[in-house]
Amino acid sequence: MGGRTACVNCTPSLGSLQPDCILLSKNRNARDVPTRVLIVDDNKDAADILAESMELLGCEARVAYDGPRALQIAEAFQPELALLDISLPFMDGYELARLLRQQQPTPRLRLVAVTGFGQESDRKQSGEAGFDAHLVKPLDFDELEVLLKRLMAS
């Protein structure tokens, strides 16, 4: 299969996704990235664009805009990876991470904080809540792709 590139156009006003064009290669091994990804962010545009980006990487993506809905989706969908915003309505991403770990205690579920909070104390709190990684918005999609590959290899 030849190397193909897909382009997703984002508007700068989305805040969470800064680039005008995100280039994602479609030439990859199916196990380089997770098969099922849950994205949770109350910024609907950012969540939907991130889901589309994950689909371009070959993932099946589901989106929730709050913690309670994320728990419902996760129970049926059984994601391998969840990308969680920290500032969510009804429950924060830390509580959601803990509840997802309880709901899916298998070590296959990888949790990634995707947040505007980037201080060392924020990263520490993410780790204590059960996150496997912490990414700061706006996302660098090259960094995200490398992280996905690393998480899938572990």
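What percentage of the 154 residues of the chain count as buried? The figure is 47%, with buried meaning under 20% relative accessible area for a 1.4 Å probe, protein chains only.

Before you click, two notes. This is a predicted model, where local features need pLDDT of at least 70, side-chain atom pairs count only at pLDDT 80 or more, and totals for chains, interfaces and linings use all residues. Residues are numbered from 1 along each chain as its sequence is written, and side-chain values use heavy atoms, leaving out hydrogens and water.

**Whole chain.** Start with a cartoon view. Five helices and seven strands make up the secondary structure; these are DSSP runs, helices H or I of at least four residues and strands E of at least two, numbered from the N terminus. Along the sequence they follow β-β-β-α-β-α-β-α-β-α-β-α.

**The sheet.** Next, select the five strands of the open sheet. Their order is β4-β3-β5-β6-β7, and the pairing is parallel. Pairing takes at least two DSSP bridges between two strands. At the edges sit β4 (60–64) and β7 (133–136), each pairing on one side only. From one strand to the next, the twist averages 20 degrees.

**Inside the sheet.** Zoom to β3 (residues 36–40) and β5 (residues 81–84). Four bridges join these parallel strands. Pick I39: its bridge partner in β5 is L83.

**The last stop.** Select helix α5 (residues 141–153). Helix α5 packs on the sheet and touches β5, β6 (110–115) and β7; contact means heavy atoms within 4.5 Å. The direction of α5 makes about 175 degrees with that of β7. Such angles run from 0 to 180 degrees between N-to-C directions, using lines fitted to C-alpha atoms, for helices over the stretch in contact.

Definitions and conventions. Buried < 20%, exposed > 50% of the residue type's maximum accessible area, 1.4 Å probe, protein only.
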